[in-house]
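I want to go through the helix packing, then the domains, then a ligand site.

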Amino acid sequence: MKQTTKHRLTLDRSKVVELVVVGAALAGLIGLALLSPRGIPLPVLYGYVAASAAVGLGLYATLRGFDQALRRRLVLVPLAASLFGAAAFRDPAGALFQIEGLFFDLFAGVLLAAVVHYLIAKLLGPLLFGRVWCGWACWTAALLDQLPFKRSPGRLAPRWGRLRYAHLALSLGLVAALWFGLSYRPGAFGPPALAWFLAGNALYDLVGVGLAFALRDNRAFCKYACPVAAILKLGAPFALLKVRGAAERCCARQVCEKVCPMDIRISEYVRRGERVGASECILCQACIAVCPEDALALSFGRDHGGPDLLRQR
Ligand code: SF4
Ligand code: SF4
């Protein structure tokens, strides 16, 4: 009985901490939006992002008694909010970080924020750290991970994953039609870049929340509809950083797979003596945290992934 009360108190305290962190992250965003018309010096923006990451990682490292998934959200929320704020309010007239911004910049042949961001965070980054962006920094995921469907019921049939490529093609088609068909240039006339950014994100959030409730799975948008994942998945199988399992310690009870938000058949990789090379792994480390045998760990190495081994519904 005493144990139950203590457990409830721990849970309640962790919820309070999470609420405070979410509140502080939102307050930071509102502060940036208010400052934005007067111009925000770049060092202030970078300092804000670095401080948000430091606070999140500090909480992650110190609050060991809290659930790992919650501690990860304490990193994800402030970091994602600060990155969102920096992307949105750095230069409302010219910043476009969404995938449409990338296409606009590519058509214009310029190396601006969107191209640099996609090159570093979405193409080269995954070659080193896999889809760490999706686990720890994505602002869409920061919202989706707050929803109630934290245990995934498993994947729909693989064909549903093709939706993300259709979404990517649709975005490219829209920008191409505007650019070449209507000679539209962001900011020159019509909606400014910031409007594109905010509208695009609102749409992602709307679809993401709708899918999560329809499929009872917080990360349904990431699994089936996110166009950015189509790019991230190119480099992720070759990542240097992956989860590795010690086959001799594995109890084969698949405790890890029950908490994996991306439905990866972790124990199958362990049984084969391979690192978890699935392009769907978001390096959230939930599997490592729950393994009762301490059989899983992060590791650096060179391999080329392989087929995604996923748990279906
Ligand atoms: S799949 Fe898309 S929405 Fe999900 S975390 Fe990755 S980038 Fe964000
Ligand atoms: S395999 Fe582990 S680190 Fe990768 S997504 Fe699943 S739980 Fe997270």
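This is a predicted model: local features need pLDDT of at least 70, side-chain atom pairs count only at pLDDT 80 or more; totals for chains, interfaces and linings use all residues.

**Helix H4 and its cover**

I began with H4 (residues 99–108), which is mostly covered, with seven of its ten residues buried.

Which residues of H4 are buried? I listed Ile-99, Glu-100, Gly-101, Leu-102, Phe-103, Phe-104 and Asp-105. Next I looked for what covers them, and found that the cover includes helix H5 (113–129), H8, helix H9 (193–215) and H11. I also checked what comes after the helix: Gly-109 follows H4, and its phi is positive, near 70°.

**H8 against H11**

Two of those covering helices, H8 and H11, got their own entry. I have H8 (residues 163–181) packing on H11 (residues 227–235) at an angle of about 110°, the axes being 7 Å apart. Angles of 65 to 115 degrees count as roughly perpendicular, so I put H8 down as roughly perpendicular to H11. On the H8 side I noted Arg-164, Tyr-165, His-167, Leu-168 and Ser-171 in the contact, and on the H11 side Pro-227, Ala-229 and Ala-230. By type, I get five nonpolar, two polar and one charged for this contact.

**Domains**

I took the bounds from the domain assignment: domain 1 is 1–90 and domain 2 is 240–300. Their C-alpha centres lie 27 Å apart.

**Ligand 2**

How many residues are around ligand 2, and which come nearest? I have 13 around ligand 2, with Cys-260, Cys-281, Cys-284, Ala-286 and Cys-287 coming nearest. The shell splits into twelve nonpolar residues, one polar and no charged.

Methods. Residues are numbered from 1 along each chain as its sequence is written. Chains are lettered from A and ligands numbered from 1 in the order in which they are written. A residue is near a molecule or strand if its C-beta atom, placed from the backbone, lies within 6 Å of it. Ala, Val, Leu, Ile, Met, Phe, Trp, Tyr, Cys and Pro count as nonpolar, Asp, Glu, Lys and Arg as charged, and the others, Gly among them, as polar. Axes are lines fitted to C-alpha atoms, for helices over the stretch in contact, and angles run from 0 to 180 degrees between N-to-C directions. Helices (H or I, at least four residues) and strands (E, at least two) are DSSP runs, numbered from the N terminus. Angles under 35 degrees count as roughly parallel, over 145 as roughly antiparallel, 65 to 115 as roughly perpendicular and the rest as oblique. Two residues are in contact if their C-beta atoms, placed from the backbone, lie within 7 Å. Domain bounds come from an automatic or database domain assignment. A residue is buried if 20 or more other C-beta atoms lie within 10 Å of its own, exposed if 12 or fewer, and partly exposed in between; C-beta atoms are placed from the backbone.
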